[in-house]
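Look at the model below and keep it in view while you read. We will walk through it piece by piece.

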Amino acid sequence: MDYSQYFSAALGRLHDERRYRVFADLERIAGRFPHATWHSPGGPRNVVIWCSNDYLGMGQHPKVVGAMVETATRVGTGAGGTRNIAGTHHPLVQLEAELADLHGKEAALLFTSGYVSNQTGIATLAKLIPDCLILSDALNHNSMIEGVRQSGCERQIWRHNDLAHLEQLLIAAGPSRPKLIACESLYSMDGDVAPLAAICDLAERYNAMTYVDEVHAVGMYGPRGGGIAERDGVMHRIDILEGTLAKAFGCLGGYIAAKGEIIDAVRSYAPGFIFTTALPPPICSAATAAIKHLKSSSWERERHQDRAARVKAILNAAGLPVMDNDTHIVPLFVGDPEKCKQASDLLLEEHGIYIQPINYPTVAKGTERLRITPSPYHDDGLIDRLAEALLQVWERLGLALHKKPLAAE
């Protein structure tokens, strides 16, 4: 039997559906972000990255890099195994304390990624609650969906950010049944925000627990970077907050923060925690440095919001189809997977601009887009060149503008 035929056929289906993913070979340059070297088929070329989730450029911050180097020099690189076998190294203990403080919770628990913290965190929590009903927002991330699925609990999907629908489901479940409401605070593909205060109101009224994914908001919003929940003054009302160290904090890893007994229960029961090697000490020290810095420094957040607002203003003025929202995400609607990929390729090859296409299954078919994420380090000149390049690509591919560009009026 030729087993390779199954894999070839699976890859062929992706090509036929225009969903086959190609990764660009990029080498970021510390101190020069968002500039990077693209190792193209024709050789190394300078490009500007416009779609990184290192939103604040903390992956190159001297405090963060310095903490990583110092810890690696002092204690080595690896964790030595799972925490059950190798013990918990001190930089990890310090990081969990820093995260608990960031979110105003009694404790925090680290995982190897934000995906794992959702997948194993939700599944473990729900399994420990008899007859738990999970109420999941329709646009929750795949990691949350997998966590819900692996819990084995009954689940109901409420329409995205639709409070009336959520309340209907809560009422139908009855007051005595255990319920877990799971949502994100900031949805990264559209850039819209959950009404967290109103969700907390419903949870309290109908006796439900709340689980909120803050991965695209931690470090970015709130006086100390605690996320949308901190900005909206509802951190203390949310039972479990989940976040990542891999975006605004510029490192690697995921976590949950909650009351001590919740964290201890997950620590004691979650396979995705128990059987996985701990995060390395240098990563933990680097993340701690990033969190400490962003707790006290607002420059990065303020500059970042300024840059995002300017990008939206310039692209809208040029007539480009920016999908409206009030956050730092700048989605540019394309609506066709092939043209979305072509636009990305033209930007990279002809303009030295890297923006990865966002196609199905990350977004629904027919809503394909380019997802632009400015950083504090994208200056006015880079923004103007981005708009010029996008206009040229839009014209080349015959993509629709929402009005005539100002320059043509």
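Start with Arg 307: this residue is buried, with a relative accessible area of 5%. Buried means under 20% relative accessible area, exposed means over 50%, and partly exposed lies in between, with a 1.4 Å probe and protein chains only. Salt bridges that share partners join Arg 307 with Asp 306, Arg 310, Asp 380 and Asp 384 into one network. A salt bridge here is a side-chain nitrogen of Lys or Arg within 4 Å of a carboxyl oxygen of Asp or Glu.

Before going on, note what you are looking at. This is a predicted model, in which local features need pLDDT of at least 70, side-chain atom pairs count only at pLDDT 80 or more, and totals for chains, interfaces and linings use all residues. Residues are numbered from 1 along each chain as its sequence is written, and side-chain values use heavy atoms, with hydrogens and water left out.

Asp 380 forms a salt bridge with Arg 307, and the closest N and O atoms are 2.7 Å apart. Asp 380 lies in helix α15 (residues 380-397) and Arg 307 in helix α13, so the pair ties together parts that are 73 residues apart in sequence. Helices (H or I, at least four residues) and strands (E, at least two) are DSSP runs, numbered from the N terminus. Asp 380 is partly exposed, with a relative accessible area of 35%.

Now turn to a sheet. Three strands form an open sheet of 3 strands in the order β11-β14-β13, with antiparallel pairing. The edge strands are β11 (330-333) and β13 (357-358), and each pairs on one side only. Helix α13 (residues 299-317) packs on this sheet and touches β11 and β14; its direction makes about 20° with that of β11. Contact means heavy atoms within 4.5 Å. Axes are lines fitted to C-alpha atoms, for helices over the stretch in contact, and angles run from 0 to 180 degrees between N-to-C directions. Helix α14 (residues 337-351) lies across β13 and β14, at about 45° to β14.

How many bridges join β13 to β14? There are 2, and the strands run antiparallel. Two strands pair if DSSP finds at least two bridges between them. Pro 357 stands opposite Leu 370 in β14.

The structure holds 23 salt bridges. In one of them, the side chains of Arg 369 and Asp 190 meet at 2.5 Å, N to O. This pair links distant parts of the chain: Arg 369 is in strand β14, and Asp 190 is in the loop between β7 (179-184) and α8 (196-205), 179 residues apart.

Finally, visit an earlier stretch of the chain. Strand β1 (residues 26-28) is joined by 3 bridges to strand β2 (residues 35-40), and they run antiparallel. Glu 27 has Thr 37 in β2 as its bridge partner. β1 and β2 form a hairpin with 6 residues between them, and Gly 31 in the turn has a positive phi of about 90°. Next, 6 bridges join β2 to strand β3 (residues 43-49), again antiparallel. Here Thr 37 has Asn 46 as its bridge partner in β3. A hairpin through 2 residues joins β2 to β3.
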